[in-house]
Amino acid sequence: MQGFAGCDSLVNLNLTVVPDQIVQFAQTICRGDTVFVGATPYTESGLYTRQLMTAIGCDSTVILDLTVLEPVVETLNVSICQGESYVAGTNTYTMAGSYTLPLTAVSGCDSVLNLTLTVLQAQANIAAAVPIDCFNNGVILNGNGSSPAGSLIYSWTNPAGAILGASPTLPVGTAGTFILNVLLNQGGAQCTASDTIVVADNRVFPVSDAGLPDTLTCGVLTVPVGGPGSSSGPEFSYTWQALSGSFAGPQNTPTTLVNATGDYRLIVANTVNGCRDSAIVSIATDRTLPIADAGSDTSLTCTRQSV
């Protein structure tokens, strides 16, 4: 080159050529977030190429592989037993209903849980039972009032835990304590309930006292039957039966009169519990006539004036 004064000059140039820059990256964002490449926003999944200028004025190419994650929406049906709770996120639920919960997914993005909670309740119910008595020598315990009907598994036990039956009803012939356990197995929940009943035994038997044996004689034409030991009270009834012989008095009282040789049965019944007792008394007859001897016939005369 020619210098300022027209003289030759030498210039040494150190030239660096910067190649175009290509930047490629992948980005994952949540729905609602934005990625900027330069001043350009991107909100949808896709592969984007953007031409930019570097700080020194050179061209650069940015290739963006963008993935946009959608919110996670989950529907969940849960069953629990009455008195239990279900925890979702930081919330605890005990009442049946439908709930919508905003949560955070593992990716860090929003998620929505649509929860339908069912609260189950099993109830065991034994119907009242009459006591065992002489009218019914056994009773049938009835658990059909348990709920929900048609969905239960039944188990009858005694206080020691022995299994007595597996149906809604249980026939029993002895007094005691009986326990009905029910199980409701539904929707992954196992709900239990129990009820207890005490069956009484009213088989208390009355006492029949037909009295002591007696004898009819020529001077005693009727004798009483029936002793003082028979049960007494408004709940008792009395029935006399002549196995042989005949009555001279009523046949529905604790005591009566008889007028013939024979065996007599007294039945005492408890009209409340149906229990009965009977006793038999025997009546004999002693009517053997005595012997009368007036002697031989004779006559009174003028010389025999007494005999």
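Modeller: Cysteine 81 and cysteine 191 form a disulfide, with their sulfur atoms 2.0 Å apart, where a disulfide is taken as a pair of cysteine sulfur atoms within 2.5 Å. The pair links distant parts of the chain, since cysteine 81 sits in strand 6 (residues 72-81) and cysteine 191 in strand 16 (residues 189-199), 110 residues apart; strands here are DSSP runs of E with at least two residues, numbered from the N terminus. The angle about the S-S bond is -95°, and the link of cysteine 81 and cysteine 191 is left-handed. Both of these cysteines are buried, a word that stands for under 20% relative accessible area, with exposed meaning over 50% and partly exposed in between, for a 1.4 Å probe and protein chains only.

The model is a predicted one, in which local features need pLDDT of at least 70 and side-chain atom pairs count only at pLDDT 80 or more, while totals for chains, interfaces and linings use all residues. Residues are numbered from 1 along each chain as its sequence is written, and side-chain values use heavy atoms, leaving out hydrogens and water.

The structure holds three disulfides. Another of them joins cysteine 30 to cysteine 109, whose sulfur atoms lie 1.9 Å apart. This pair, too, links distant parts of the chain, with cysteine 30 in strand 1 and cysteine 109 in the loop between strand 9 (97-104) and strand 10 (110-120), 79 residues apart. The link of cysteine 30 and cysteine 109 is left-handed, with -85° about the S-S bond, and both cysteine 30 and cysteine 109 are buried. Within the strands, the bridge partner of cysteine 30 is leucine 69 in strand 5.

There is also a disulfide between cysteine 134 and cysteine 275, with the sulfur atoms 1.9 Å apart. Cysteine 134 lies in the loop between strand 10 and strand 11 (139-142), and cysteine 275 in the loop between strand 21 (262-270) and strand 22 (276-286), so the pair ties together parts that are 141 residues apart in sequence. The link of cysteine 134 and cysteine 275 is right-handed, at 85° about the S-S bond. Cysteine 134 counts as partly exposed because its relative accessibility is 22%, whereas cysteine 275, at 0%, counts as buried.

To put the pairs together, number the bonded cysteines of the protein chain in sequence order, and the pairing reads 1-3, 2-5, 4-6.

Definitions and conventions:
Two strands pair if DSSP finds at least two bridges between them. Helices (H or I, at least four residues) and strands (E, at least two) are DSSP runs, numbered from the N terminus.
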